[in-house]
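Thanks for coming. I will take you through one structure this morning, starting with its charged pairs and ending with its cores.

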Amino acid sequence: MVYAASADRGAKPIDLVLGDSEFPWFVELLAGLEKAAHELRWAMRLTMVHRRSTPDLRWLDALLERGSAGAILVRTRLNAYQHAVLAEERIPVVTVGSVDWSASAPSITTTAWHGVLGAVQHLTDLGHRRVALITGPDSSSATEEMVAGYREALRAERIPFTSALLRQGPASRTEGHRRGAELLALPQPPTAVVAGSDLQAVGVCEAATASGLRVPDDLSVIGFDDLPLASWTSPPLTTVRQPWREVGAAAVRMLNELAEGRVLGHPRVEFATSLVVRSSTRAL
């Protein structure tokens, strides 16, 4: 599948490798990638790896054959052989959305740790003590940071960590409903839930309604990403904003600097998250 960021026949090809098309924020990220790529006269080729740990060898052969100027990896990674080949060919790589600690590739992420920390602190300030977290299913650095931020927020409030209140699943509305229903069926259910995406949060709200609960009267819910839908839900969703358009544009600019042989001043960049308070949370 090819996605061209520019119709200019002289545009340089770059590869965009996506670990999963179901990331709710992908459209926002792609908008930022496309705009910056168009400005730099680059054409993007999109490769889907569908939750495989790495792209296959055919992808590497094709990248070399078409003379790609570089690759941007979104929530996926390369194996040691692929990294070695690209390094030998002087083809730069930038990772987005998570950090590949096993390699030296530059990365651009968001402060997921701080985002969850702030979300849980908002809820504890409202008097909530049983706060649940739903994260993604993968073992990416982003998921690890979300869990770490959650545990740190609980520790700061001297609230014991309860494993039953931590759930994982794809960032979808269906999965949010499933995990939300599981949490609400606990003998001691949470009074608040922080979801790993806005779609998960919508599913949690639906699970609450199915259980005869009202949001936020009976259950406070916080999403993650601040996609346009967050302000359209009923009630409008309190959420953690992640600036994915800015992340996408920055990834392209970083790759351009590497392709031109420049030394990066900051090989690991984090974009700040921020809490957007709407109407899906309230004090106990």
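Let me start with Arg179, which forms a salt bridge with Glu182, the closest N and O atoms being 3.1 Å apart. Please keep in mind that this is a predicted model. Arg179 and Glu182 are three residues apart in helix 6, so about one helical turn separates them. Shared partners link the salt bridges here, putting Arg167, Glu175, Arg178, Arg179 and Glu182 in one network.

Arg179 also meets Glu175 in a salt bridge, at 2.7 Å from N to O. These two are four residues apart in helix 6, which covers residues 173–184, so again the separation is about one helical turn. Is Glu175 buried or exposed? Glu175 is buried, with a relative accessible area of 7%.

Helix 1, residues 26–39, has a pair of its own. Lys35 and Glu39 form a salt bridge with an N to O distance of 2.7 Å. Being four residues apart in that helix, they are separated by about one helical turn. Both Lys35 and Glu39 are exposed. The count of salt bridges comes to 16.

Next, helix 4. Just after the helix, Gly127 takes a positive phi of about 100°.

The largest nonpolar core has 37 residues, and Val120, Val194 and Val221 touch the most other members. Among the elements giving two or more residues to this core are helix 4, helix 5 (141–156), helix 7 (198–210) and strand 9 (220–225). Helix 4 gives the most, with six residues. Leaving out residues up to four places away in sequence, the contacts of Val221 include Val193, Ala201, Val204, Cys205 and Leu237. There is also a second, separate core, with 31 residues, including Leu30, Trp42, Ala251 and Val252.

That is the tour; I will take questions now.

Terms used:
Residues numbered from 1 in each chain as written. Predicted model: local features only at pLDDT ≥ 70, side-chain atom pairs only at ≥ 80, totals over all residues. Heavy atoms only, no water. Salt bridge = Lys/Arg side-chain N within 4 Å of Asp/Glu carboxyl O. Buried < 20%, exposed > 50% of the residue type's maximum accessible area, 1.4 Å probe, protein only. Core = buried A, V, L, I, M, F, W, Y, C linked by side-chain atoms within 4.5 Å. Contact = heavy atoms within 4.5 Å.
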